[in-house]
Amino acid sequence: MNFALETKDLVMRFGGFVATNRVSLSVAPGARHALIGPNGAGKTTLVNLMAGVLTPTEGAILLDGRDITNAPVAARVGIGLARTFQINQIFATMSPLEAVSVAVSQRVGLGSSMFGRLSQMPEIVDESADILERLRLADVMDDRSDRLPYGKQRALELALALATRPKVLLLDEPAAGVPESERHEILEIVASLPREVSILLIEHDMDLVFSFAETITVLVQGAIFLEGSAQDIAADRRVREVYLGEAIDG
Amino acid sequence: MRSATASAREKARQAVADATRWQTPELAFWAVAIAAIFLFPSRHLLLNEIAIVGLFALSIDLILGYAGIVSLGHAAFFGVGAYTAGLLAKAGIGEPVAGLAIAAAVAAAVGFATSFLVIRGSDLTRLMVTLSVALVFVEIANRFESITGGVDGLLGISMGPILGLFEFDFGGTTAYCYSLAVLFGMFLVARRLVRSPFGTSLRALKENRLRAGAIGIPTARRIVTIYTISASIAGVAGALLAQTTAFVSLEVLDFARSADGLLILVIGGSGYLYGGLLGAIAFALMRDALSSLTPAYWMFWMGAILVALVVVGRERVVAKFAAAVDRLRGSGS
């Protein structure tokens, strides 16, 4: 059986700085896998390598056994790898409906249709509406994205990734900056994703990590420090020392 | 829950249907453009020029307003189209529509070949690269004097009747009708294009290229495609000028033409297709009015107005104007 997503001895150097140091990480099919680590541990660099924004100095990345180390970003999305961003990356003047429908059209192969009309593609419109409904964006589907409240923009961030119907989803701090009152909405959505989607969650919030993840990888200074089940990691003295500190005492 | 989903779908379908519907101001615009044939019978030459410049600005709007690609060298494609049409007519292919089609194809080929230069880089590098490409074309046209006529221009173009039916006249009536028809045809294509999934994906890559890639849009390929289409339309505009004036000079490739195209978009606004057309009208009217007021200094005032427009922001100027109109209406009723 292939891993859903796998990195082999991945190295990323920026000049003399080693941001990713021989990382071999395996995400099992259907995994609820979290990647944690202190600031500057290289978590986002690793996500950018997996998503194809950065090209690794050394090593390989496999998606379902297929080598995607040098595949462009869009090609990776086409074969089922999607991501969200830590800092919102939305289409400011477009509405959530337009944005999601672009992603859906692209996925079903109509993204380069020059003379087609969305009004004559009801499947795409319906699917987009369903995604927006699921992420509680139906009310604001026609508004400008940059005028949405932050929590809604965060949900849109997730909606765009889901519209590509990923097999593997990289979530880069999905709840970052979301006020406590709206937080549970995002968490519920993440929790309700089907098991066919393998998820790698990058997160700072320990409550979220332990409520969601079954497997946890701890990254320190660009290298894997420890990997294990959520219980093991929570119980590990060294992890407490280097990273968790007080976070699990309470 | 079920009914909620149904209503979300309904809302989405409604929004999508509304997006492609023709708005009243759009219809009014084209009605006025056609009415101008009868309203200003002595100004057909000027109207013809406005239609051509408007089409050229429209071609820039497609890359700037929709894909976010800045260019200071679009005159290269305008010029390629103009020379193609001119040379064809000289070579005996005097039927304008055929000439237009060939000019469009040649300009598209040149656009495709140079599109790879604008895929990467910042706005500044794109400005420099497009500017340089245009300069290269000026030099080529200058160098091959035996073909292009060099600085003297391409003389002795004689155009046949359009589709074998309509002869060009001195007053420019046929010319304006012809250019307007081509402009409208090209506009329809552009309008359809920008509202298609392809067009929406262009806007996505303009707004956020990182995210556009992350939802699977092949951004480089999109840029190549729209740049090629835009070059082709610019070529058609150039061909129209060559055909309706029966003359081509190095001026068609001039830097000033590229810059004017951008200025017109600044005046009219980019990203909604009418900006180039309205801007072309405003530009021509301002030039006309200013040059009759101060024949020697009209460029100065033109510049001053443009600076004001950019500094204050077109949206605010338009908003103020609209508010003033509202007030007048309010006090009148």
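This report covers the interface between chain A and chain B, then a helix pair in chain B, in a predicted model.

The size of an interface is often given as the accessible area lost when the parts come together. Here chain A and chain B bury about 3,600 Å² between them, with carbon and sulfur atoms giving 62% of that area. On the side of chain A, the residues that lose the most area to chain B are Phe91(A), Met114(A) and Arg117(A), together 17% of what that side buries. The contact draws on 47 residues from chain A and 36 residues from chain B.

Five salt bridges are counted between chain A and chain B. One of them joins Arg13(B) to Asp126(A), with the closest N and O atoms 2.6 Å apart.

In chain A, helices H2 (73-78), H3 (96-107), H4 (122-134) and H5 (150-163) each supply at least two residues of the side that touches chain B. H3(A) gives the most, with seven residues. By class, this side of chain A has 26 nonpolar, twelve polar and nine charged residues.

## A helix pair in chain B

Within chain B, the axes of helix H3 (residues 44-67) and helix H11 (residues 219-245) come within 9 Å and cross at roughly 170 degrees. An angle over 145 degrees counts as roughly antiparallel, so H3(B) is roughly antiparallel to H11(B).

Residues of H3(B) in this contact include Ile52(B), Leu55(B) and Phe56(B), and those of H11(B) include Ile226(B), Tyr227(B) and Leu240(B). The residues of the contact divide into 16 nonpolar, four polar and no charged.

Definitions and conventions. Residues numbered from 1 in each chain as written. Chains lettered and ligands numbered in written order. Predicted model: local features only at pLDDT ≥ 70, side-chain atom pairs only at ≥ 80, totals over all residues. Heavy atoms only, no water. Contact = heavy atoms within 4.5 Å. Buried area = accessible area lost by both parts, 1.4 Å probe. Salt bridge = Lys/Arg side-chain N within 4 Å of Asp/Glu carboxyl O. Helix = DSSP H or I, 4+ residues; strand = E, 2+ residues; numbered from the N terminus. Nonpolar A, V, L, I, M, F, W, Y, C, P; charged D, E, K, R; others polar. Axes fitted to C-alpha atoms, helices over the stretch in contact; angles between N-to-C directions. Parallel < 35°, antiparallel > 145°, perpendicular 65-115°, else oblique.
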